[in-house]
Amino acid sequence: MAKKQNTTKLRIIPLGGVDEIGKNMTVIEYGDDMLVIDCGSIFPREDMYGIDLVIPDITYLERNRDKLRAYLITHGHEDHIGALPYVLPRVNAPVYCTRLTRALIEYKLKEHKFDKAQINTVYPRDKVKIGCFEVEFIKTNHSIAGAVALAIHTPVGTIVHTGDFKVDYTPVDGEVIDLAKFAELGNKGVLLLMADSTNVEREGYTMSERSVGKALERYFIEAEGRRIIVATFASNVHRIQQIVDHAAACSRKVCFLGRSMENVASIASELGELIVPKDMWVEPDRIDSIPKDKLVVITTGSQGEPMSGLARMASDEHSRIRLGEQDTVILSATPIPGNERMVSRVINNLFRKGVIVIYEALAEVHVSGHARKEELKLIHALTKPKYFMPVHGEYRHLVQHARLAQSMDMMKENTFIPELGYALELDRRSAGMTGGIPSGAVMIDGLGVGDVGNIVLRDRKLLSQDGLIVVCVTFDGATGDLLSGPDLISRGFVYVRESEELMESAKSVVLDYINTLQSGPHSDWNSIKNGIRNRLKDYLFSRTKRSPVILPIVIEV
């Protein structure tokens, strides 16, 4: 009897992290088993007024919750773990990650008072059987400790997902990327490679993290007699370790400032990922007891965030530090796309105070954690995949990475540009894209998850542009006579005390409209509200060329 062929397809479904930098989430599905790689968030765009955070739409996970076997987290950056506190309460499943990543996730979940997570610690070269999949964790280098790539062995072949990575031959922790494992997988056969595309436009190789240490050493020596403040990503433990080491070499104490910086330093120190001698570590409330020329402050704010430590120092709003001409500030980071203006504002404010400012435009005090072209070529050459799907990048990055693969003799028809809402379906013989997957963005506003949509954002945009006019009128319910009003309240439109003539004229426009209404009781209050809104809108635009949001309030007594 002929053996029945398995016609089930392997499905790769990006729910985030493609056509954008951040919000990483990818579903791997085969039959009745499903894995999720990463569960990240992204900063809101400038036109998302009042929004705190954006996470992927997880409708597909909720519809298939019975299939979900695990979340596989490649590393502890917010764009890979930031959505977990919002996703796990809705679709819970075991989480697999390395030690530092676990500690950062546990801290986030504790803040959100969620204690039902099943978190499993894994180490490079570990193999875990999950449903019909076997997952291998592969050591990589990135701008945070504990980063791993994934080899997912499925019934139809092996998927290699690089996570965010670079090839660093001299990493600070001495643990180089496991290129031998990538080569071993390539020799056995890789069905699909999914690789980081962030730096695909850049030629050559990304510099080693140790090169930052050499630059920092120079500026620490030049800052003799001055206080040093270094702003960097709280998650970049290897960068922080180098700062601590240079502080020790200069006989300086170190102080961690900023909520996230203090938390990560404490967590990494407990895990042994960050080594700070006890006699060097100064608590924030003891800063004043240390001479300025014997202190290094490591703080948040490298992205110019308004409430961060460095931004508050630059605007004289910090409770513990006042900057001046005896300070050197080092911004050891590059602005995330969209944050350039905020970072520039902070740098300008620092210069106004006479501070010596060292930043990337002037010095090599930052290196990327993402692979450039030659490193990407190396991974392609080692893994020798049949199919390729670029991930982790804006659309132009994905296209450029597909072209890079094709330049290495990958057939064009075997490269697939991912898009939200589409799944890559493949087996050993064929692959193709299919649509119909619910996807998009869910906005977090305070405690609200997804309760702010496009209509609310549109209203917030209008309010931000031209302000608000509230019109209050009171009618007698029995006779339909006007009892009081119209009273006009302006917020963000004009300053009433300086625009009395305009406001009085606007009242007259509303009153003229009310006088056109038929006498007797009114039943269609919505029609009256629309009439007030339309008359007042036309009048105010004719006088000011602005269109404020007009909110009529009609009271019946």
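## Cavities

Two cavities of 30 Å³ or more are counted. A cavity is a set of points on a 1 Å grid over the protein atoms alone where a 1.4 Å probe fits but cannot get out; lining residues have an atom within 4 Å of a point. Grid points are joined across faces, edges and corners, and a volume is the space filled by probe spheres set on the points.

This is a predicted model: local features need pLDDT of at least 70, side-chain atom pairs count only at pLDDT 80 or more, and totals for chains, interfaces and linings use all residues. Residues are numbered from 1 along each chain as its sequence is written, and side-chain values use heavy atoms, with hydrogens and water left out.

## The largest cavity

Its volume is about 90 Å³. The lining has 16 residues; N141, H142, I144, P171 and H238 lie nearest the centre. Five lining residues are nonpolar, six polar and five charged. Here Ala, Val, Leu, Ile, Met, Phe, Trp, Tyr, Cys and Pro count as nonpolar, Asp, Glu, Lys and Arg as charged, and the others, Gly among them, as polar.

## The second largest cavity

This one has a volume of about 40 Å³. Its lining includes P14, G16, N24, M25, V391 and H392. β1 (10-16) and β2 (25-30) each supply at least two lining residues. The lining holds five nonpolar, five polar and no charged residues.

## The chain

The protein chain has 15 helices and 25 strands, taken as DSSP runs (helices H or I, at least four residues; strands E, at least two) numbered from the N terminus. Its C-alpha trace spans about 90 × 85 × 45 Å along the principal axes.

How values were computed
On a 1 Å grid over the protein atoms alone, a cavity is a set of points where a 1.4 Å probe fits but cannot get out, and a pocket is an open set with protein on both sides within 12 Å along at least five of seven lines; lining residues have an atom within 4 Å of a point.
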